[in-house]
Amino acid sequence: MADVAVVEQPSQPQPKKLKPARKQVKPGQVEKKETPQTGKEYNIWYNKWAGGDMEDNYSNKVHAATRCSMRKDGGYTRADTAGTKYCCLFFARGQCPYGWECQYLHRLPPPAEELPETSKDCFGRDKFSDYRDDMGGVGSFLKQNRTIYVGRIKESGPGHETEEVVRRHFKEWGEIERIRILQGRSVAFVTYVRELDAQFAKEAMACQSLDNDEILNVRWATGDPNPVAKVAEKRRLEEIGQQAIANKIDPRIVDAMRHVRALEDEEELPMALEEEDGRQAKRLRLEAGEDVEQHVEQAEEDESEEPPQPNGLLSADTLEGMKHFAEIRKRQQATSKPPPPKTGLGSLGDYGSDEDD
């Protein structure tokens with residue numbers, strides 16, 4: 001009996017399973033040190049004593065005791081099953097002792113449209129109407145800020161080397177759009193593609209160091225004074241708004257407004273646009289659950305008949321729509337009954353006679 005060769009099928013790659021989030025520290029390991037008193041009143045808004053100047057405040061800062069590592073510490077938590085969309089603030093700082101038992105996410109922020117409120121940051125903290133004077137804190141809900149200021153960098157080479165170092169340390173927290181280095185001033189501006197990633201990076205890199213054991217000063221950046229950057233940012237926000245509105249509005253309404261605008265401007269819609277509109281309308285009708293056979297028969301009739309040619313300023317679709325509304329109006333007029341005529345004297349009966357006097 002001949003041996004039958006068995007051909008082994010290549011194994012399909014298994015989807016990578018999410019690991020449980022790691023406990024970054026042990027309970028009680030991180031001790032919270034009180035800020036040394038440098039004044040008589042403590043400002044809870046700025047988290048410092050009133051009376052000390054800014055330089056003394058930065059000189060009193062110490063290096064962060066812990067740091068988050070997304071590759072080692074990230075994973076699923078109870079928030080993934082409970083539906084919580086906010087990230088853990090202590091996880092971003094590398095200080096969460098709960099790990100997979102935490103009630104918040106231990107990963108990068110989800111897409112912005114998944115967050116329940118836009119007036120909160122990615123950690124669930126309430127935003128304010130304006131920034132603090134030192135550009136710290138949570139931020140403002142009146143402005144979208146994707147850029148963070150990184151100060152006190154120890155430069156060890158030219159600008160492009162400093163940019164590579166900054167990019168290597170900050171790319172862990174999200175996709176970076178651009179990095180601007182102020183050579184000789186030990187300052188960098190990091191702009192992320194998403195504002196939520198900038199919020200996470202601001203907390204994750206506060207009082208951290210790059211390659212030279214410095215203590216970074218990370219806060220929100222002020223608006224770029226460059227006119228070109230202002231125009232580009234305004235255009236970007238307008239495109240985001242238009243896209244958000246287009247995703248929520250019915251395409252048929254957009255279609256109708258496009259035809260009305262063309263009529264008002266006394267312009268003809270291009271034939272390619274009209275054909276595309278027709279295909280889109282048919283697709284919407286199919287999605288609405290209409291009979292498929294009816295559409296097949298209608299398509300066969302459309303192929304046999306010659307398409308109507310536009311005449312004058314009105315397109316063929318516009319003329320057909322006007323005819324349709326005219327027929328509906330005729331039917332309504334035919335079905336409506338005229339009011340019964342008044343009997344007797346009519347309107348003369350409303351007047352009094354002379355005999356009453």
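User: Two strands pair if DSSP finds at least two bridges between them. With that in mind, how many bridges join β4 to β5?

Analyst: Six bridges join them, and the two strands run antiparallel. Strands here are DSSP runs of E with at least two residues; helices are runs of H or I with at least four, and both are numbered from the N terminus. Before going on: this is a predicted model, where local features need pLDDT of at least 70 and side-chain atom pairs count only at pLDDT 80 or more, while totals for chains, interfaces and linings use all residues. Residues are numbered from 1 along each chain as its sequence is written, and side-chain values use heavy atoms, with hydrogens and water left out.

User: OK. What sits between β4 and β5?

Analyst: Four residues, and the two strands form a hairpin. G184 is in the turn and has a positive phi of about 90°. Within the pairing, I181 has A188 in β5 as its bridge partner.

User: Which other strand does β5 pair with, and in what sense?

Analyst: β3, in the antiparallel sense, over five bridges. I148 is opposite V190 of β5 there.

User: Is β5 enclosed or open?

Analyst: Largely enclosed by the rest of the structure, because five of its six residues are buried. Buried means under 20% relative accessible area; exposed means over 50%, and partly exposed is in between (1.4 Å probe, protein chains only).

User: Let's do the core. Which residues of the largest nonpolar core touch the most other members?

Analyst: I148, V166, F170, W173, V190, Y192 and F200, out of 40 residues in that core. Several elements each supply at least two core residues, among them β3 (147–151), α5 (159–170), β4 (176–182) and β5 (187–192). Helix α6 gives the most, with five residues. A nonpolar core is a set of buried Ala, Val, Leu, Ile, Met, Phe, Trp, Tyr and Cys residues joined through side-chain atoms within 4.5 Å. In soluble globular proteins, nonpolar side chains tend to be buried together.

User: Pick V166. What does it contact, leaving aside neighbours within four places in sequence?

Analyst: I153, I179, I181, A188, V190 and L210. Contact means heavy atoms within 4.5 Å.

User: Switching to charges. How many salt bridges in the whole structure?

Analyst: The search finds 15. A salt bridge is a side-chain nitrogen of Lys or Arg within 4 Å of a carboxyl oxygen of Asp or Glu.

User: What does R125 pair with?

Analyst: E203, with the closest N and O atoms 3.1 Å apart. R125 is in the loop between α4 and β3, E203 is in helix α6, and the two are 78 residues apart. R125 is partly exposed at 23% relative accessible area. E203 is buried at 9%.

User: And which partner does E195 have?

Analyst: K127, at 3.7 Å between the closest N and O atoms. E195 is buried, with 14% relative accessible area. K127 is buried too, at 12%.

User: What about R168?

Analyst: R168 bridges to D211, and the closest N and O atoms are 2.6 Å apart. R168 lies in helix α5 and D211 in the loop between α6 and β6, so the pair ties together parts 43 residues apart. R168 is partly exposed at 45%, and D211 is partly exposed at 39%.

User: Which residues do shared partners join into one network?

Analyst: R93, D121, R125, K202 and E203.

User: Now the outside. Which residues form the nonpolar surface patch?

Analyst: I245, I249, I253, V254 and M257, with about 430 Å² of accessible area together. Patches take residues with over 30% relative accessible area and no salt bridge; like charges are joined within 9 Å, and nonpolar side chains (Val, Leu, Ile, Met, Phe, Trp, Tyr) within 5 Å. Areas come from the Shrake-Rupley method with a 1.4 Å probe, and for residues only the protein chains shown count as cover.

User: Which helix gives the most to that patch?

Analyst: Helix α8 (residues 251–264), with three residues. I249 is in the loop between α7 (227–248) and α8, and is partly exposed at 36%.

User: Last one. How many helices and strands are in the chain?

Analyst: There are 11 helices and six strands. Of the 357 residues, 28% are buried. The accessible surface is about 26000 Å², and 52% of that belongs to carbon and sulfur atoms.
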